[in-house]
Amino acid sequence: MNHLPTKEDIISAHERIKTYIHNTPVLTSETLNKLTGTDLFFKCENFQKVGAFKFRGASNAVLSLPKKALEKGVATHSSGNHAAALSLAAQMNNIPAYIVMPENAPEIKKQAVAGYGAQITFCEPTQEAREETLGKIVEETGATFIPPYDSYKIIEGQATAAKELIESHGHFDLIMAPVGGGGLLSGTLLAANYFSDETLVIGGEPQNADDAYRSWIDGVIYPSIKPDTIADGLRTSLCSRTFYVISKFVSEIITVEENEIIEAMRLVWERMKLIIEPSSAVPLAALIKRKEKFAGKKVGIIVSGGNVDLAKLPW
């Protein structure tokens with residue numbers, strides 16, 4: 001399992017998906033540079049298709065399938081961005097997508113997944129119900145299960161965001177990404193290792209969902225139990241693949257409080273006029289928390305997504 005994706009694997013993934021994805025813009029802000037004392041570059045995956053980095057990994061996973069498997073379609077269980085990403089990747093390749101969603105998934109996300117033409121099956125909002133329902137569908141349809149992050153094909157796709165950032169803006173002292181299940185952070189770590197090997201990579205995580213931080217410190221995977229954070233994209237647990245990459249390469253994981261996440265999110269909305277979701281604000285919140293440590297550094301931040309329920313803003 002721990003045959004890590006190589007530099008060539010990530011280059012191949014990028015070639016495979018680049019006509020499908022957006023090469024998202026990198027934005028800067030003099031105000032935030034002054035505030036943090038750093039030179040900040042935001043890789044804006046909130047402008048990616050489906051509004052999140054997840055489309056990179058989903059596209060790579062779908063396009064890597066053999067033709068025979070492709071014909072039978074793809075399946076997953078997800079209440080969020082992965083469901084939308086996989087549904088759109090399937091639609092763009094004219095194959096069926098079977099998505100299991102918990103009944104209590106946000107209405108806006110149900111609509112998005114349906115809008116991309118996926119066949120949705122609703123289930124009880126428990127992990128057990130999700131997996132059981134998905135198992136039945138895979139058995140009936142022969143579709144391939146594409147997990148949200150526990151797959152090196154997914155991780156290779158997510159790595160392309162940091163690869164683009166390094167290619168467009170050169171060497172960074174530091175790149176920061178949020179961590180939930182660890183797909184984006186793992187991909188960012190591999191991209192930095194292969195394309196800018198002196199660049200440090202730091203993960204940002206909510207204090208109220210700090211299972212990745214504790215797992216990294218203690219060297220064992222802790223599940224995410226009842227995470228109570230506004231950063232809904234970061235409530236998931238690491239898997240063995242992401243844990244392995246993070247343990248091997250990450251410089252640090254910094255945890256932040258809920259009010260720090262909200263302040264960072266608001267700062268980006270007000271100063272940069274960018275709609276970012278709470279999960280995307282976590283790395284900036286971590287940077288602000290430790291700004292003395294990073295003063296004078298050139299810092300890249302992977303903005304993970306911009307899917308926000310505008311009726312439920314935290315301010």
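Helices here are DSSP runs of H or I with at least four residues, strands are runs of E with at least two, and both are numbered from the N terminus. With 44% relative accessibility, Lys 18 counts as partly exposed. On that wording: buried is under 20% relative accessible area, exposed is over 50%, and partly exposed is in between, using a 1.4 Å probe and protein chains only. Lys 18 is 42 residues from Asn 60 in sequence, and their C-alpha atoms are 9.6 Å apart in space.

Before going on, a word about the model. It's a predicted one, so to speak of local features we need pLDDT of at least 70, side-chain atom pairs count only at pLDDT 80 or more, and totals for chains, interfaces and linings use all residues. Residues are numbered from 1 along each chain as its sequence is written, and side-chain values use heavy atoms, with hydrogens and water left out.

Now the whole chain. We've got 14 helices and 10 strands. The radius of gyration is 18 Å, close to the 20 Å the globule rule gives for 315 residues, so the chain is as compact as a globular protein of that length. That radius is taken over C-alpha atoms, and the rule is 2.2 Å times the number of residues to the power 0.38. Along its principal axes, the C-alpha trace spans about 55 × 40 × 40 Å. Of the 315 residues, 55% count as buried. Take the contacts, meaning heavy atoms within 4.5 Å: among those between residues at least 6 apart in sequence, 74% join residues at least 24 apart.

Which strands make up the open sheet with parallel pairing? There are 4 of them, in the order 5-4-3-6. Strand 5 (119-123) and strand 6 (144-145) are at the edges with a single partner strand each, so one side of each has no neighbour in the sheet. Pairing here means that DSSP finds at least two bridges between two strands. Strand 4 (residues 97-102) and strand 5 pair in the parallel sense over 5 bridges. If you want to find that pairing on screen, look for Met 101, which stands opposite Phe 122 in strand 5. Another place to look is Tyr 98, whose bridge partner in strand 5 is Gln 119. Between these two strands the chain passes through helix 6 (residues 107-115), and this β-α-β crossover is right-handed. Right-handed means that, with the strands pointing away from the viewer, the path from the first strand over the helix to the second runs clockwise.

The other open sheet has 6 strands in the order 1-2-10-7-8-9, and the pairing is mixed. Strand 1 and strand 9 are the edge strands, each with a single partner, so one side of each is left without a neighbour in the sheet. Strand 7 and strand 10 (residues 298-303) pair in the parallel sense over 3 bridges, and Leu 174 stands opposite Val 299 in strand 10.

Let's stay in strand 7 (residues 174-178) for a second, with Ile 175. Is Ile 175 buried or exposed? It's buried, at 0% relative accessibility. Leaving out residues up to four places away in sequence, Ile 175 touches several others, including Leu 165, Thr 188, Val 201 and Ile 302. Compare that with Lys 68: 107 residues away from Ile 175 in sequence, and 39 Å away in space, C-alpha to C-alpha.

Next up, helix 12 (residues 258-272). At 1.5 Å a residue, its 15 residues should span 21 Å, and the end C-alpha atoms are 21 Å apart, which agrees. The expected span is 1.5 Å times one less than the number of residues. Among the buried residues of helix 12 are Ile 261, Leu 267 and Trp 269. Its buried residues pack against several elements, including strand 2, strand 8 (200-206) and helix 13 (278-289).

Just after helix 12, Lys 273 takes a positive phi of about 60 degrees. Most residues other than glycine have a negative phi. Val 50 also has a positive phi of about 60 degrees, although it isn't a glycine. Val 50 lies in the loop between strand 2 (39-44) and helix 3 (54-63), and at 12% relative accessibility it counts as buried. Then there's Lys 226, with a positive phi of about 45 degrees. Lys 226 is in the loop between helix 10 (211-218) and helix 11 (240-249), and at 78% relative accessibility it counts as exposed.
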